[in-house]
Amino acid sequence: MTIIRMITLRNILICCCAAMLILIGMKGYNIQQKISTVTEADRLYALKDLIEAESWYDKAQRNHSIHYKEEQISSRLQELAPITKINTQLREIDDQAENAYSDQDFKQLMTVYRSLQDVRSIYMTGKSPYEPYYRQLSAKYEISEDFTRYFKQFKTLFIEQMEHNLDNNQYADESFKWNLLIIPDIFFGDGKQKRSELYVKFTTYDNRKMARMAANGEFQALLDQSAAMFKLYKDNNVQAKWITDQAETLVRTFLENDAEKDSYSIFATHAKSYMDFVRTVSFKSSVKTYIEKQISTWMKTAKRNVSKAEFEKAFAIYDGIKEYKDTSLEVKEAKLAWNIHDPIRILQNGDPTRVFNHVSSGNKRYGALVYVVATDAQNVIYFGTIDSENNVQVLTNTDFQQGGSIQELSIENSLSTKEHPVILIKGDSTTRSALYTAVEVQSNAMITLFQLNADGFQVDSSGILMMTNPDTAEGAGQVAMYERTGDSYQFVGVQRDFIDIAVEDLLSHPDEKVRFITTIIQPGYNEAFAVMGTSYVKLTGTFNFYEGNVTLTGKLRGYEDTYIQDQLTSIPVFEVENIE
């Protein structure tokens, strides 16, 4: 038999009748259910069990099998709409909270909790007629129990994350702190209990974290992290005093260790960084007092070092602590004291390996607090000064012969003025006793006034330079006189060590060197006779005396008896030193 033959009109009618009977049965059942549902809703409504009544009325309205008391159902549901709304809201909140917990989404859970608080604030006012219904529905969905369980589990998770960070010494993610802080107070008991419990844990965690950084010598990182943590806590309305307390304890240990080792620079760096931290966080620090006391102690030590001429020790302190305290004034004063104590430093200009010879110095003259004069291996002449402001000036002169030997170098007071000293250099000479060089120190230069080979040197009261037997054509064998003209000394003549007299007055100048004009009447070698007024004088000396007028220089040495025109006469004897 084929399929087509099986499908007969009779069979089709039988199937349709069966289907109709099933539909009629279902329809009848649904009608019965709606009638029963409305009846139960009316009963619960009459008993004031409005929450259950709302549920049965809602169920009846959704049954469309028969049009039965529809106006009453709609009216009752409209009346019970607030309860419907509460039920819907709490049911959705319960579902969302469960989903957030299942997904371990704490942020979403907090969002749901805030929604719950919003709903709660509408009905749990103490004045809302629907407060009892809110309580019943909340209990129905176990809202409080669920949220308590969820937050307890998250709290446990966050504390485990805290321990995990400490165990692994990894602190990149500390969001658990802020998550713990935003868990509602009620889940800790109250706000005081919450703060007490969390602050103890935060203190332990942060102290261990900071102590590890300190143990690793991470001073700056310690301060940076502490400041960052303090700010984050403050942003979350937490005054984290344990951060500043721990920072002070650890920083003080660092500083005490620095001070014990006299590590001035490290101490100053640490101190400055710490005080920056104090200003950033803004709190009253007891360590600041310790820092100031230690710095003061070192400053006093440095001052004592200066007074004991232990300048390098003083500078080690001043240079070391300058990052924390400005020591520029103290350094300036110490440098001045060192230069006064050791004036050669003025010329060395910070290079202690430079060597100078013939060093002499003085103070409070020539407009300088301290001055120093010296030469180097190349016979360069140096004059350095320093004033009360520690300003240094060094002038040089290269006019003295290189390769020559300097015997003496000093400031010649007789040639100097109040403002400008004159340096006299006495060096070796191949033609005389010494080579004399005079150099005047002017405002910005050193000028050579003279350089002469001679057997002696002096300056008379009028400032005339007297050179004994200078190696010059005009002054050789005599005391040559030089007078200053501009920036040099010019020859002005030779020193006259005699007096001019008339030959007739010779007898009035015994043993004095005199010069006079006379006439030789009897020439000769080594001796001769000359006219002395109406008498005569005998001349002696290693000269060839020629007849005639002559100018003689010498001394009266006594008398000698001799015959003049056959008459024995006592005449003076004049020792001639020079004939002109």
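Predicted model: local features only at pLDDT ≥ 70, side-chain atom pairs only at ≥ 80, totals over all residues.
Residues are numbered from 1 along each chain as its sequence is written, and side-chain values use heavy atoms, with hydrogens and water left out.

Let's start with two helices (DSSP runs of H or I, at least four residues, numbered from the N terminus, while strands are runs of E, at least two). The axes of α10, residues 191–215, and α12, residues 241–260, come within 10 Å and cross at roughly 25 degrees; axes are lines fitted to C-alpha atoms over the stretch in contact, with angles from 0 to 180 degrees between N-to-C directions. That makes α10 roughly parallel to α12, a label for angles under 35 degrees. On the α10 side, the contact (heavy atoms within 4.5 Å) includes Y199 and F202, and on the α12 side W242 and I243 are among the residues.

Now to the strands. β14, residues 513–522, and β17, residues 548–564, pair in the antiparallel sense over eight bridges; pairing takes at least two DSSP bridges. I517 has T551 in β17 as its bridge partner. β17 also pairs with β18, residues 567–579, again antiparallel, over 12 bridges, and Y563 stands opposite L568 in β18. In their hairpin, with two residues between the strands, Q565 takes a positive phi near 50 degrees.

Last stop: is T385 buried or exposed? T385 sits in strand β3, residues 381–386, and counts as buried at 13% relative accessibility, the cut-off being under 20% relative accessible area with a 1.4 Å probe and protein chains only, against over 50% for exposed and partly exposed in between.

Note on methods
Parallel < 35°, antiparallel > 145°, perpendicular 65-115°, else oblique.
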